[in-house]
Amino acid sequence: MSPLVVFILFFVFLLIAIPISVSLGLVAVLPGVFDPSFTASASYVIRSMFGGIDSFPLLAVPMFILSGIIMARGGISKRLFDLFSFFIGKRTAGLPCAAVITCLFYGAISGSGIATVAAVGSMTIPLLVELGYDKKFCTALVAVAGSLGVIIPPSIPFIMYGMASGASVSDIFLAGIVPGVLIGLLLMVYAVFYCKKHGEDKEKINAKIDALHEQGLWKVFKSSFFAVLSPVIILGCIYSGVASPTEAAVISVFYSLIVSIFIYKSLPIKKVYDVFVEAVRTYAPILFILAASIAFSRVLTLMQVPQLISGWILAHFTSKVVVLIVINLVLLLVGMVMDTTPAILILTPILLPIVEGFGMNPIHFGVMMVVNLAIGFVTPPIGVNLFVASSLTDIPVVDIAKRAMPLIGFFLIALLLITFIPQISLCLL
């Protein structure tokens with residue numbers, strides 16, 4: 001069976017609504033079924049699935065998911081938003097910008113774009129609408145800013161890329177900080193432009209911020225201190241050498257439990273079991289997709305697909321700039337139709353040798369890849385952030401996508417800068 005037929009069957013399975021994990025498993029088995037002499041038999045695929053998930057770094061993923069859910073139930077996002085609103089709320093677009101900064105910080109806790117949209121959006125969107133901001137604008141802003149959850153470390157897609165490429169997870173975490181902040185700043189630039197053009201209800205906004213100021217800086221800071229401290233502890237443990245990313249993920253779970261149950265007292269002990277159940281339900285489908293993706297990527301390697309694609313690209317494109325643009329376009333298209341995990345695990349072995357041939361640093365490429373796929377979170381037809389945001393506000397996904405287009409434009413500007421200025425990603429290494 002030729003690689004082209006395999007990919008055609010894979011997209012046909014997706015089009016007829018077969019779950020992506022099942023589709024990956026089927027196309028991984030089919031070459032061995034149609035060609036008994038092919039190395040990857042059904043038993044090989046099953047062994048690859050189990051062997052692929054037998055990974056210590058992979059344990060960080062369910063831990064960060066669990067930590068993010070605990071923080072969401074513990075009302076962490078509201079405390080972060082109040083702190084940032086205290087300082088910048090009265091400026092032009094101060095509250096929308098505070099929402100973007102909250103997404104940045106919450107992403108540094110959860111490692112997930114979906115969790116960031118759900119936790120931050122459920123709290124900030126109703127508040128912003130109440131203060132006079134357009135509901136579609138607020139929803140689109142939080143949906144796009146939620147994508148920062150997979151760029152700011154700790155990031156679940158960065159862990160997946162580390163598994164697929166062999167790159168240091170700690171290094172790629174560090175490389176994601178400046179690009180994440182850059183994207184956040186560009187989103188805030190658009191928010192300021194939008195608010196200057198459409199105006200703000202300063203009377204309502206000032207009343208809200210004055211109420212925060214009446215509480216005093218100390219009270220607001222004390223309320224949010226342990227929330228702000230969470231990413232500091234997680235990343236501090238990793239970069240001080242105290243813990244590996246997986247161990248830091250476990251630390252974050254215990255920290256979030258202690259803060260939510262005993263300090264903020266916002267998570268009743270009797271609800272902890274429900275939190276664990278939600279975490280298992282969230283991670284189980286990811287685990288199945290991960291196992292099937294690993295098996296499929298190994299089958300593609302045996303079929304020499306990376307070498308075929310690499311040879312074709314290098315034969316038709318000799319300029320590094322053109323190759324990077326082509327790869328960006330491929331990743332953007334893939335991000336629109338495929339989940340992040342299988343996209344990273346399947347495409348990394350194919351694309352990484354190509355860019356390394358042009359002298360590109362694997363860490364730099366990992367950041368570029370994840371930023372591309374993060375844009376897929378807010379672009380139809382998959383656009384999971386759009387669906388989450390739609391569920392929070394009852395605004396049709398198409399309407400949110402339309403309002404998100406200018407924000408995606410700023411995201412693309414950041415992508416180009418990240419692609420062609422390596423030091424944006426590598427300056428902290």
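Okay, let's start with Ser 260, which sits in helix α14, residues 245-263. Helices here are DSSP runs of H or I, at least four residues, numbered from the N terminus. Keep in mind that this is a predicted model, where local features need pLDDT of at least 70, side-chain atom pairs count only at pLDDT 80 or more, and totals for chains, interfaces and linings use all residues. Residues are numbered from 1 along each chain as its sequence is written, and side-chain values use heavy atoms, with hydrogens and water left out.

So, is Ser 260 buried or exposed? Buried, because its relative accessibility is 0%; the cut-offs are under 20% relative accessible area for buried, over 50% for exposed and partly exposed in between, with a 1.4 Å probe and protein chains only. Leaving out residues up to four places away in sequence, Ser 260 touches Ile 70, Gly 74, Lys 265, Ser 266 and Leu 267, a contact being heavy atoms within 4.5 Å.

Lys 265 from that list is in the loop between α14 and α15. Its phi is near 55°, positive in a residue other than glycine, and Lys 265 counts as exposed because its relative accessible area is 66%.

Asp 394 has a positive phi too, near 65°, and isn't a glycine either. You'll find Asp 394 in the loop between α20 (384-393) and α21 (397-420), and it's exposed because its relative accessibility is 69%.

One more backbone thing: Pro 153 and Pro 154 are joined by a cis peptide bond, omega about -5°. Pro 154 is in the loop between α8 (135-145) and α9 (156-165).

Conventions
Helix = DSSP H or I, 4+ residues; strand = E, 2+ residues; numbered from the N terminus.
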